[in-house]
Amino acid sequence: MIAQQIINAISLGGVYALLALGLAIVFSIIGLINFAHGELMTATGYALLGSLLMGVPFPLAVIVAICCGGLAAMAMERVAFRPMRGASVTSLLLTSFAVSSLLKVLFQNGVSARPQTILMPDWMTSAVTIGDITLRVGPAISIAISLLALLGLELFLRRTVMGTAMRAASEDFAVVRLMGIPANRVIATAFFISGIFAALAALLWIANRASVDPLMGFTPVLKAFIAAVIGGLGSLPGAVVGGFLLGVTEVLLQAVLPPELAPYRDAIVLSAVILVLLIRPQGLIPARRVQRS
Amino acid sequence: MLSVSSLSVVYGEVEAVSRVDFALEKGQVLALVGANGAGKSSTLGAIAGLVRPAGGAIRLDGRDIAGLPAEQIARMGVALVPEGRRIFQSLTVAENLRLGGAVHQSAADLKERMAEMLDLFPILRRYFQNKGGNLSGGEQQMLAIARALMSRPRLLLLDEPSLGLAPQVIDAVFDLIEQLKHSGLTILLVEQNVSLALDVAEHAVVLANGAVALTGPAAELANSDLVRQAYLGG
Amino acid sequence: MTGRKTLLGIGTVVAMIGFNTAAQAEEILIGVATAQTGGLAPFDQPSLKGFEMAIEELNAKGGLGGKYTAKLLIKDTRTDMAQTATVAQELVDAGVKIMITPCDADSTIAASQITAPLSIPTLTFCGTAPILTVAVPEHAYGTYPADNLAATAVADFALSEGKKTAYLLISPDAAYTANLPEYFAKVFEAKGGKIVGRGSFTMGQPDFSAEVTNIRGLAEKPDMIMTGAYEPDFPAFLQQLRAAGVDTPVYGADALGTPTIRDLGKLVDGVVYTASGYAEPGSKLASFDEAFTKYAGHAPESTYEVNGYEIGLILDEAVRVADSDDSAAISAAIKGLDHFEGITGEITYAGTTGMPARALALMRYENGEAKHIATLTPDAADVPAP
């Protein structure tokens, strides 16, 4: 039971980490806290649903859905955020709220206000018994996917010119442009990656929830934002640490708190966040930003 | 190679650069001097594409590049070493140089240029895998120049290369500029240290309050009363 | 579409006849302050569809009480309490005589703060928390079976099946999710059942693994789990519960009677819930379903449509009894309805605080289908106080 709770905790932490990273990548480059990030998850969910309804085999539908997440993020940047380039953090934040609300209403009126059922294949929701302990496959897959995605991102950021440029852009975007690296391409790549990460998180989320609804992005994006703030807004390692920390804390509190106190779980978690920020106002692993012109 | 005509840069209500004209021949070193706030850096920013000019033309080999995005101007062979160096502190020396060479098409080209730079700046070879932020000020300035040279620019823009450096380090930086000049590189140098600038440059433009106050061969300007009184301490 | 044309045809005829007999039809404004977007939209949208259908049909027959042409002023409350109050105020200012509010006691209470002092009868689409009529003693009405009533029916049924122990999954976030399991517990314990544990969740919570692991670890295995969780939380909980290999049956109430839950297929096999009615072949509900399908172009998703429709009928009857378009008179007439024949069964307000006394259908999902298993009218003495 304890082993399972720990796996549950890491699994949720992994999903938060993916989401927080998506927020952090975009924030580190253009100073946008994208609250419409959650709607990328919703879009991914509907893409998966649509593909499955059209009879696309499951593995292919997953690939379609992930691509949709990435492309939706790029489209969002192109349509909503590019015209706002260079605006203040507050203006960008408000723009993202507007995009988020607009998409929610579009989903509600265009698809359905009602959650749509998506059932993942049986093997994803089954359990395996090893000796005395029964472990669920879902959380294990979730952890594996999160870790692979983190590893993939690390390799991309370290080994490719675009990845290096993105790290550089988080420090000083203007100078990256002076190197002849197009700003649009760096930003589009950042959005694409954040979209892919939102899509992966969405799939893990949906596997756990069995349905997709127009408002499903709200809670996760809020959690991701909290995770990103704990870690240090705009810091990628911070986002990962913040995500895991938040997920683990939530699940473990839920597991150990007596039922009378359980309703206060979110309050306890948020108090802990405030405490962290009082001690380390810039987050656990602050982002390095030299200057932004 | 570069001709700036009637260039104006405006920030809000303030006109930082006002109808500035000058030209720079291939292989020449031109110094842009003047007091703080005279409009030197804004002029460089406009040429590099970081600042959008309010008016005027900037011609690079006859083509007007005013208002083009910075990345496009960089790809046309203009490299700026920004004021304050602005190297990527969390990136290694190697990564800084790699980004400087991002415009190269082939890996071989990049490798060759990287080797040339490490020969020119042995100190960078020593700290190749160190974070840029761990380098000293002078080393960072060398890295910033090397990073700009990685793209094999036709025109190098240097913004205040002596700023904040110890005297012997400044000497090293200006020795390097001298060396680059002899290799035939076209350089536009912005420098507050007027005597150093006039020493290395062939021609100079003196800016005051955003407008051209004087222009001419560097040696002549160094002897002019105005420059002596205003910038060379008598 | 043909159905609609026929209705319109009849309407025109009736209007022409009406022109000769009743000199001029008067208009009565009905405010509809319900959520067309947000979390309540899945419940309010189908309810509104049924309500609109009823009003269209009634208007075709001369209006409410055969006399007052009903005009709907519909405004979206966006599932936001403050917005509900704002919208209610706007509608009251526009002169509405009757107010319809979202499927939620909390927002209905908010709207009632504005309508009750003006004696405007306020009917929640499918808000079921009995606390509603305690908080607003006058002029607020539910139509759907109240949670304490539904919980009593579920407890009676569970005990009759031989269930002896139950686990409660509660969320303090809404009246429904907080109170339904507790009402159940009161009846269940009073009649000899035992509650072996309680778990708590936050609505919209991503992960139920901790609760599920706690349930698996219970010293005494429960015979059933009772919850007020609904979509999207309910599918998430159930998915994770079953994935963990726990096959304890899960019971709930009306909020589980939706296509989303049904579409979960074999995952929801054995889930028991309540409905305000069950469409037996040949029943009034079955013919309503048919008429609705023609009207809306799709079959009813749940019993929320018929509930919306029944609200139209209740208003029609109340206006007829009141023989007036006066808000207070209509409200008094609703309060006096006794064994009013609706579509799903008889509805009685006389002697209640505003939540109706009525029969409930108990349903169970089997092989992806909702099967009717019992119809119960709980003994009023068993129903816990709100």
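How many residues of chain C are in contact with chain A? The legends below treat a predicted model, starting with that interface.

**Figure 1. The interface of chain C with chain A.** In this view, 35 residues of chain C are in contact with 38 residues of chain A. Five elements of chain C each give two or more residues to the side that touches chain A: helix 2, strand 7 (194–200), helix 8 (209–216), helix 9 (233–243) and helix 10 (259–262). By type, the residues on this side of chain C are 13 nonpolar, 17 polar and five charged. Two pairs of chains are in contact, and chains A and C share the most contacts.

**Figure 2. The interface of chain A with chain B.** Here 19 residues of chain A are in contact with 20 residues of chain B. On the chain A side, helix 6 (161–171) and helix 7 (173–178) are the elements that give two or more residues. Helix 6 of chain A supplies the largest share, six residues. This side of chain A holds twelve nonpolar, two polar and five charged residues. Chain B and chain C do not touch. Their nearest C-alpha atoms are 36 Å apart.

**Figure 3. The two domains of chain C.** Domain 1 covers 2–145 + 279–355, and domain 2 covers 148–275 + 361–376. The C-alpha centres of these two domains of chain C lie 30 Å apart. Twelve residues of domain 1 of chain C are in contact with twelve residues of domain 2 of chain C. On the domain 1 side, seven of the touching residues are nonpolar, three are polar and two are charged.

**Figure 4. An open sheet in chain C.** Five strands of chain C form the sheet, in the order 2-1-3-4-5, with parallel pairing. Strand 2 (68–76) and strand 5 (140–141) of chain C are the edge strands, and each pairs on one side only. Strand 4 (residues 122–124) of chain C runs parallel to strand 5 of chain C, and two bridges join them. C:L123 stands opposite C:Y141, a residue of strand 5 of chain C. Helix 2 of chain C packs on the sheet and touches strand 1 (26–34), strand 2 and strand 3 (98–101) of chain C. The direction of helix 2 of chain C makes about 160° with that of strand 2 of chain C.

**Figure 5. Helix 2 of chain C.** C:G62 follows the helix and has a positive phi, near 105°.

**Figure 6. Backbone details in three chains.** Most residues other than glycine have a negative phi, and most peptide bonds are trans. A:A210 is not a glycine, yet its phi is positive, about 65°. This residue sits in the loop between helix 8 (183–209) and strand 4 (211–212) of chain A. A:A210 counts as buried because it has 30 C-beta neighbours inside 10 Å. B:R19 is not a glycine either, and its phi is positive, about 45°. B:R19 belongs to strand 2 (residues 14–24) of chain B. With 14 other C-beta atoms within 10 Å, B:R19 is partly exposed. In chain C, a cis peptide bond joins C:E231 and C:P232, with omega about 0°. C:P232 lies in the loop between strand 8 (224–227) and helix 9 of chain C.

Key:
Residues numbered from 1 in each chain as written. Chains lettered and ligands numbered in written order. Predicted model: local features only at pLDDT ≥ 70, side-chain atom pairs only at ≥ 80, totals over all residues. Contact = placed C-beta atoms within 7 Å. Helix = DSSP H or I, 4+ residues; strand = E, 2+ residues; numbered from the N terminus. Nonpolar A, V, L, I, M, F, W, Y, C, P; charged D, E, K, R; others polar. Domains from an automatic or database assignment. Pairing = 2+ DSSP bridges. Axes fitted to C-alpha atoms, helices over the stretch in contact; angles between N-to-C directions. Buried ≥ 20, exposed ≤ 12 C-beta atoms within 10 Å, placed from the backbone.
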